[in-house]
Amino acid sequence: MTTTSIPRPAHRRHIEVADADPHERGVARGAQLRDGIPAAIEVYDRLFALGGITPAQVREDAERALDTIGRFRAGARAEIEGIARGSGTEPWRIAALNARTEILARSATVPPGECTTIVRQLVGDSGSTPRTFGVQTWDWHIELSALWHTLDTRGGRHGYVGLSENGILGKIGVNSAGLALHFNILGHARDGIGGIPMHVLAAIVLEEAGGVAEAVEIIRGAPLASSGSFALFDETEAVLLDLSPVGVFAMRPERGTLLRTNHFLTPEPAADEKSWLYQPDSGERYDFVRARLARTQPPATPDELAACLVTGAGEPPVTCVPDLDQPLGQRWASLATVTLEPATRTARVLDGTPADIGTRDWRVLTAD
């Protein structure tokens, strides 16, 4: 199957908001997505139902998540409530979108097929400043292919650019201080509701953190009840985090590289990993990309790094192309490919898979 089988909108939506009041930023975002948020809610309702999660459970989880968000960051709750107001939607509905990963953790019948991330840290001659850049695929259900957008949000401590789904505060991006964040989901036996949803935490980090050290401090202070991975890097520093209900664990670059698929890379959370969720797929993708990087010249540009994510028939699905004959919940696709460069505060978003590079245009966003 070719990548042309992935349905995509003719014009990908771009959202711009700028207001010092987070509620008003939310209102502006919700108004721009007024026709797209109900469609996202409908798809997630179907995924929740497929996973055996009742509407009552969804609402209870969403309201609990919203309360937790409000205790940790009142501004994040205000922005979610603003999105609800701007889109004419009940606040718990927007909270459910933001906590969709945590709610879906209840399900045993909607297995995820997820993303691949690489971050490179190049160090030149002695005393020179390192250069960092990263790339990832965002792999998710094909039913959401028209329901995500690029984003430019200003008014908080730092502005940031990147991409997110309709109604969801954040996902992948770089901020005006030069902090970049790539995002992968992991699975732990204790995952659930009760902490800060991973997508909300990503937005908080991009809005507040001026660099890697500050980002790690924010994350370590957050109540966590679910799992994920943030690859965090600025102009000089890079770290890969295992986030889980049992703690936050950090890894530094190995030979100048951070590599992430969808399994834990540190022992403590790995001991209770939901390995059936992502394996053997995650391990196969990780080993394939690691071997490819080891036998080639180290990528020196974001484009060279992105080329490492191109795969085809007979190879692990780093480039993820769906089988459209499969039912809801089993049609995975690389919905986007994203490169981040802290030095230039630039995110490049390709509305396509890594195999589409060169045939589709990048959207270039700058957080200045």
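Eight strands make up an open sheet of mixed pairing, running E1-E4-E5-E6-E7-E8-E9-E10. Strands here are DSSP runs of E with at least two residues, helices are runs of H or I with at least four, both numbered from the N terminus, and two strands pair if DSSP finds at least two bridges between them. At the edges sit E1 (14–18) and E10 (247–251), each pairing on one side only. From one strand to the next, the twist averages 20°; axes are lines fitted to C-alpha atoms (for helices, over the stretch in contact), with angles from 0 to 180 degrees between N-to-C directions.

This is a predicted model, where local features need pLDDT of at least 70, side-chain atom pairs need 80 or more, and totals for chains, interfaces and linings use all residues. Residues are numbered from 1 along each chain as its sequence is written, and side-chain values use heavy atoms, with hydrogens and water left out.

Now for E7 and E8. E7 (residues 180–184) runs antiparallel to E8 (residues 228–233), with five bridges between them. Phe183 faces Phe230 of E8. Helix H8 (residues 212–220) packs on the sheet and touches E8, E9 (238–244) and E10, a contact being heavy atoms within 4.5 Å. The direction of H8 makes about 155° with that of E8.

Zooming out, the protein chain has twelve helices and 14 strands.

| Whole-chain property | Value |
|---|---|
| C-alpha box along the principal axes | roughly 55 × 45 × 45 Å |
| Buried share of the 368 residues | 61% |

Buried means under 20% relative accessible area, exposed over 50%, and partly exposed in between (1.4 Å probe, protein chains only).
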